[in-house]
Amino acid sequence: MNTRIPEQNDPAAPLSPATQAALEPAAHAPDSPGATHIRSFVHRRGHITQGQRDALERLLDKWSLPYAPKPLDPAAAFGRSAPTILEIGFGMGETTEKIALARPGDNFLGVEVFNAGVGSLLRRIEDSSIANLRIIQHDAVEVVRDMIAPDSLDGVHVYFPDPWPKKRHHKRRLIQPPFVALLASRIKPGGYLHCATDWEDYAVQMLEVLGAEPLLRNTVDGYAPRPDYRPQTKFETRGLRLGHGVWDLIFKRAA
Ligand SMILES: C[S@@+](CC[C@H](N)C(=O)[O-])C[C@H]1O[C@@H](n2cnc3c(N)ncnc32)[C@H](O)[C@@H]1O
């Protein structure tokens, strides 16, 4: 048990019991006995700023939906019916914020496991008064499997998923045939799956896996140009300047 007494403005202080309880389902250890699949993330007690911690404490209840093993009703969750776009692994949420603001007619559901990232996006939601974004802090594989109804998503964004560069870790990569088949089954006919990566061998794997999924069709021959709605991140701009590549893949769900 953690017996540290939280001090104000101490970024290392534990979260309050209420916030910890709210996050409990996200805290499954990778490959824990309850896990039915290899996790695409590992839990690290990463650095969290005081602002992110405050946002988690104040805003988690307001803008996040708890994981539950039953289908989500998006109209109830967002307070309106609109096209639903799922984003998997939003990191610190810079891109998520920009896209949600640029596309006010769509509802965005962001899924992330990492406390600092969730705190960061909660702050952005509040600071930019974003009404069309909700967060689920949980393993996206379980969210897609348990909370997303078949044929219900208008789009899915998977931007720069962890590349797991070592060969012995490739099994942790998110874009693999079983998960892509599950994801494709949750997309509406005509809806899209948009992935981006800056790892060439992961891009090749994505093209193979998406290309082999019977429910998906590539929108172009090979890799797609970056569409205007996906902003170029600072990290990506720097990488491109250094001559590194970025690959976008945009597939549509077949009828
Ligand atoms: C390399 S970061 C990219 C973040 C962001 N999309 C970007 O472009 O900057 C990948 C993120 O995916 C998250 N992630 C990995 N596996 C996940 C899973 N199964 N469910 C939810 N989030 C996951 C990680 O915690 C991490 O924040």
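This is a predicted model: local features need pLDDT of at least 70, side-chain atom pairs count only at pLDDT 80 or more; totals for chains, interfaces and linings use all residues.
Residues are numbered from 1 along each chain as its sequence is written.

The chain holds nine helices and seven strands. Helices (H or I, at least four residues) and strands (E, at least two) are DSSP runs, numbered from the N terminus. Buried residues make up 36% of the 255 residues. A residue is buried if 20 or more other C-beta atoms lie within 10 Å of its own, exposed if 12 or fewer, and partly exposed in between, with C-beta atoms placed from the backbone. Among contacts with a separation of 6 or more, 77% link residues 24 or more positions apart. Two residues are in contact if their C-beta atoms, placed from the backbone, lie within 7 Å.

The seven strands form an open sheet with mixed pairing, in the order E3-E2-E1-E4-E5-E7-E6. Two strands pair if DSSP finds at least two bridges between them. Strand E3 (133–137) and strand E6 (216–218) stand at the edges. Each has a single partner strand, so one side of each is left without a neighbour in the sheet. Neighbouring strands are turned by 20 degrees against each other on average, direction ignored. Axes are lines fitted to C-alpha atoms, for helices over the stretch in contact, and angles run from 0 to 180 degrees between N-to-C directions.

Strand E4 (residues 153–159) and strand E5 (residues 187–197) run parallel and are joined by six bridges. Val156 has Leu193 of E5 as its bridge partner. Helix H7 (residues 177–186) packs on the sheet and touches E4, E5, E6 and strand E7 (247–253). The direction of H7 makes about 135 degrees with that of E5. Helix H5 (residues 115–127) lies across strand E2 (107–112) and E3. H5 runs at about 165 degrees to E3. Helix H4 (residues 94–102) has the buried residues Thr95, Thr96, Glu97, Ile99 and Ala100. Their cover includes strand E1 (84–88), E2, H5, E3 and E4.

The shell around the ligand has 21 residues, of which Ser40, Gly89, Gly91, Ala140 and Phe160 come nearest. A residue is near a molecule or strand if its C-beta atom, placed from the backbone, lies within 6 Å of it. E2 and helix H6 (140–147) each supply at least two shell residues. The shell divides into 12 nonpolar, six polar and three charged residues. Ala, Val, Leu, Ile, Met, Phe, Trp, Tyr, Cys and Pro count as nonpolar, Asp, Glu, Lys and Arg as charged, and the others, Gly among them, as polar.

UniProt lists Glu87, Glu112, Asp139 and Asp162 for the feature "binding site" (unreviewed entry). They span 76 residues in sequence, yet no two of their C-alpha atoms are more than 14.1 Å apart, so they gather at one spot. UniProt positions are given in the numbering used here, feature names are shortened, and annotations may be inferred rather than shown by experiment. Glu87 lies in strand E1. Glu87 is buried because 26 other C-beta atoms lie within 10 Å. Leaving out residues up to four places away in sequence, Glu87 touches Thr96, Phe108, Gly110, Val111 and His157. Asp139 sits in the loop between E3 and H6. Asp139 also counts as buried, with 22 C-beta neighbours inside 10 Å. Not counting residues up to four places away in sequence, Asp139 touches Arg39 and Val113.

The UniProt record also places "binding site" (unreviewed entry) at Lys166, Asp198, Thr233, Lys234, Phe235 and Glu236. Lys234 belongs to helix H9 (residues 234–241). Lys234 is exposed, with 9 other C-beta atoms within 10 Å. Glu236 is in helix H9. Glu236 is partly exposed, with 19 other C-beta atoms within 10 Å. Neighbours within four places in sequence aside, Glu236 is in contact with Asp198 and Val246.

Two loop residues have backbone angles to note. Asp151, in the loop between H6 and E4, has a positive phi near 55 degrees. Asp151 is exposed, with 12 other C-beta atoms within 10 Å. Trp164 is found in the loop between E4 and H7. Phi of Trp164 is positive, near 40 degrees. Trp164 is partly exposed, with 17 other C-beta atoms within 10 Å.
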